[in-house]
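Thanks for coming. I will keep this short and stay with what can be read off the coordinates.

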Amino acid sequence: MFRLLKGFGVTFNYFRKKKITIQYPDERVVMPERFRGIHRFFPDKCIVCNLCVTACPTDVITLTGKKSEENPKKKIIDTYNIDFQGCILCDFCTEVCPTDAIVMTARYNNLSSFNRSEQFKDIEWLSDNHVYGYYEESDRVPEMGERGEQK
Amino acid sequence: MAIKTETMTLNMGPQHPSTHGVFRLVVDVDGETIKRVEPVMGYLHRGSEKLAERFVYTQFIPYTDRLDYMNAMTNNYVYCAAVEKLLEWEIPERAEYLRVITMELNRIASHLVWWGTYLLDIGALSPFLYAFRDRDHCLDLLNEISGARMTFNYMRIGGVKWDSPDGWIDRVKEKVKVLRENINEYDTLVTGNEIFQSRTIGVGKLTKEQILDWGISGPLARASGLKMDIRKDEPYSIYDRFDFDIPTQEEGDVYARYKVRIAELYESLKIIEQACEQIPEGDIITKKGKRIMMIKPPAGEAYTRAEASKGEIGVYAISNGKNKPYRIKLRRPSFVNVAILQELLIGKNIQDLVAIFGSLDIVLGEVDA
Amino acid sequence: MDLLFMAIYAVAVLGGLLGAVTYAILFERKVIGYMQIRTGPNRYGPWGMFQTIADVMKLLMKEDIIPAQADRKIFVLAPVVAFAPAFMVFAVISWSENLYAADLNIGVLYFLGVSSMTMLGVLMGGWSSNNKYSLLGAIRGVSQMISYELPLVLSVLGIVILVGSLNLRDIVFFQQDVGLWFIILQFPAFIIYMISAIAELNRSPFDLPEAESELVSGYHTEYSGFRYAFYMLAEYTYAIAIAAFATTLFFGGWLGPAFLPGIVWFLLKMCLFMFVWFWLRATLPRARVENLMQFCWKVLIPLALLNIVVTAIIKVWMGW
Amino acid sequence: MSQETLDLIISKVNNALDEEVLVVKPPETDEEAEGEKEEKEEIEETAKLNFGKPMIILDSEKWSMDLAKMLRDDPQLHFDFLQCVTGVDYDEHMEVVYNLYSTEKKHYLYVKVKTPRETPSVVSVTPVWRAADYMEREIFDLLGIEFPGHWNLKRILLQDEWEGHPLRKDYITDKKALGLD
């Protein structure tokens, strides 16, 4: 008849326990290194192979290349845009990239904007995206193997 | 003396606190008694099946995440398994184990969400937060291994994407212990509660015949005494290596469904524990599977099914030998299960509507595909 | 001169009440938050002290919406009707030995009579908003409040029999003389009172009229802004009134060890009551409609009647 | 096991229809495989094992409610659980695939029902398996296959005013009209 009274014990027990809320803007969850956050782009490494464009299921990546000045056989990246309105952060672009020129950071909080057009991120924004997370140091080269075995 | 009454049409949804998304129920009520129900859906229709025909095989995997976003791992699995069946590939052992562990973790997360939101529908506030705390334990683990908390995109045709990070298996084992304790606590808080029982016992009964007739699967079927679990009936992946039971209940009411789901939580924990013990070293993906853009199954068709947290999820994949699927049909358990509503709710009152509707555990992403 | 005093007292009580309601809401959110392993409001002011004030400010600044199809006059009047009786009953509450408004010799009767009018606000609000959820909520609310009025009244009768007076201050003095609070002497009555009080207040687990998972928000679905705030105010005022009434009847009012003034004891006891209600809300699911009615008519009322009979027999037998 | 089930199904269905509707390709022996291959391909195979599970292919005229009832009620077949209904648009014809499962006998059956592309129409099985209710509506919605005998055949996922059937291969996605471009 009075099994419901047991429940009061449970809730009162929690009343005394330590709270687990994370006070978001003050404290932030650190995402694990594999976290598929917002992209970072390394223009120097890109070989303009267009693989990320073909791999993207949502067709949000557009890029153009130009001839390198020093070595006319080599192509270098000219523009590289991701339209984050459609990006589903699926990681296929980084998975197919042969040179790790595009990687995903553990960052998750810099896409909010008041304007749709601001979701359109260009090469500068993407290569500058190193505020925190796993790819914090701008000069750090992600090692092979760390990003998985598929390379 | 008969009192003259008039029916009133009540539109529950598309925005209503207990329809769990954009689902609409057109209900004719006489007082609070329901005379007619018409479920209206499609508000979240994204044309997943159409999209699949546009993609190469691998590219569709992130879209399966978005069907039943509470239990995305099994969706991943069943799609990959369907293509693997067409390709007739062998999957490395370790990949299978990782698949099972992640699927079961995700099943726990899904059931916990059901548990919390269902009690919120019934009117208890706290279980929701307790459940989400424990669900977060699962999601953190899945985040670590797959890089996302809900839309995992973890499995690949031929294996899985990542190997488990260092110490992950140990962390899973620890969390299993924590979860087991917490789930015990839920039992104390809710299962014996008389008010909860009065809301659920004898409400929304489904007979075995109804279950079979309407093609209902998963915990709903098992709560009506039908011992039907694809993990046992037709062991896919490596489920035949684990020792676990299929919890069933005979009553078929809401309370039975509740008990089946709670019992399933324990079974899933059991499977995870065993899998963590047995997991071998080795490859995580077949050689051919690594070339994700180049997968070309031979022409053919196959229906593959798996036990998702909501019921039987199936993929009917048809290949014509090209690198894009010819047709992908998704058998979504929620979509099939929700059909029973139009029959089940007649004659009940609005309060029971919420209790019954919640007990079906549908996810609108899956209903509308 | 008396009139002036009365007006001042009423304004003072109203002011105090506004503050009390503000912090009752904060208290509720904090208690429930703590029970749900979170901290509750903590952004405005230290420990979230100004959260409710900010909420009220927001509500006051909102656009005042009256649905086009609503019955305007009744719609506007309903929150006031809900609030007025809840506030009026404070006239007979005696905060401490010396602090009271009216030493009314029919205090209990006045309290019960006036407070039962709050249900009119629910009915008017639910009916006039011309919303189906509101209507259903109002139907549930009125049937529930009328039904539970009975056990509430009956549970108090035992005390009235023992004391032999309807004056609330006499009841407290009686407890002082006997040296026992009525919670011990009239324990069954206390339980009945607590349960019917929850139903009267539409609080969880009997919050069917505003069951948010079924009826969106019940009888005040269409209310927004200031009018919604008024409903909130009425609800919490009534809760405080019921708690104050219970404190007087069962917990010996302002009685307590002398190191604290009587009014502090009174408020502390009220807080205890409120805490129990919040605790219930954090623990229990919502009850069933049929069960609610059955429980009232088949369990609570017979029990209350039994309690009256037993009390009367004891009274005669003991010769009090 | 599966081969036996297939044989059983073939005999039962052929019995019910009173003609040899279902034809199995005789198992190829090594000698035959070389010489007679071309001839055999001309006989259309209407019953086979698909990944170890029986599959039968029928024309929509042959597929009827009685046949469905037989599949469900026959004590040896006992297909009481309809798993999945799939509609497929092959460019030359359309197909509806019923995946049946027996919870007692634990065997499966794929029933493929072919229907012409111009006037696609397949008898509804909702009176036999209510599970087909929503799944057939979905196919009607997305592929435009009619299901005579369905009690409430109308669009389910798309809105009622939608034009065309998106899952048909010749459907042109008008991105402009959808606001995607």
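I will go through one interface, then a surface patch, then one further chain.

Keep in mind throughout that this is a predicted model.

Let me begin with the contact between chain B and chain C. Chain B brings 33 residues to this contact, and chain C brings 27 residues. Together the two chains bury about 2500 Å², and carbon and sulfur atoms account for 56% of that area. On the chain B side, three residues stand out: Leu125(B), Ile195(B) and Gln351(B) provide 22% of what chain B buries against chain C, which is more than any other three residues.

Now the polar part of this interface. Between chain B and chain C, 11 residue pairs are in polar contact, counting pairs with both residues at pLDDT 80 or more. As for salt bridges, the rule finds one across the interface of chain B and chain C. If you want to locate a salt bridge on your screen, go to Arg288(C) and Asp352(B), where the closest N and O atoms are 2.9 Å apart.

Which elements of chain B supply at least two residues each to the side that touches chain C? They are strand S1 (8-12), helix H4 (93-122), helix H5 (126-146), helix H7 (194-200) and helix H14 (350-360). Of these, S1(B) gives the most, with five residues.

Next, the surface of chain C. There is a nonpolar patch here of about 870 Å². Its members are Val299(C), Leu303(C), Leu306(C), Val309(C), Val310(C), Ile313(C), Ile314(C), Trp317(C) and Met318(C). Take Leu303(C) as an example from the patch. Leu303(C) sits in helix H12 of chain C, which covers residues 289-318. Is Leu303(C) buried, partly exposed or exposed? Leu303(C) counts as partly exposed because its relative accessibility is 42%, and that class lies between the 20% limit for buried and the 50% limit for exposed.

Last, chain D. Chain D has six helices and five strands. Read from the N terminus, the order of elements is α-α-α-β-β-α-β-β-β-α-α. The chain has 181 residues, and 52% of them count as buried. Looking at contacts in chain D between residues at least 6 apart in sequence, 53% join residues at least 24 apart.

How values were computed: Residues numbered from 1 in each chain as written. Chains lettered and ligands numbered in written order. Predicted model: local features only at pLDDT ≥ 70, side-chain atom pairs only at ≥ 80, totals over all residues. Heavy atoms only, no water. Patch = residues over 30% accessible without salt bridge, like charges linked within 9 Å, V, L, I, M, F, W, Y side chains within 5 Å. Areas by Shrake-Rupley, 256 points an atom, 1.4 Å probe, with all protein chains shown as cover. Salt bridge = Lys/Arg side-chain N within 4 Å of Asp/Glu carboxyl O. Helix = DSSP H or I, 4+ residues; strand = E, 2+ residues; numbered from the N terminus. Buried < 20%, exposed > 50% of the residue type's maximum accessible area, 1.4 Å probe, protein only. Contact = heavy atoms within 4.5 Å. Buried area = accessible area lost by both parts, 1.4 Å probe. Polar contact = N/O pair within 3.5 Å; in protein donor to acceptor, adjacent residues only side chain to side chain.
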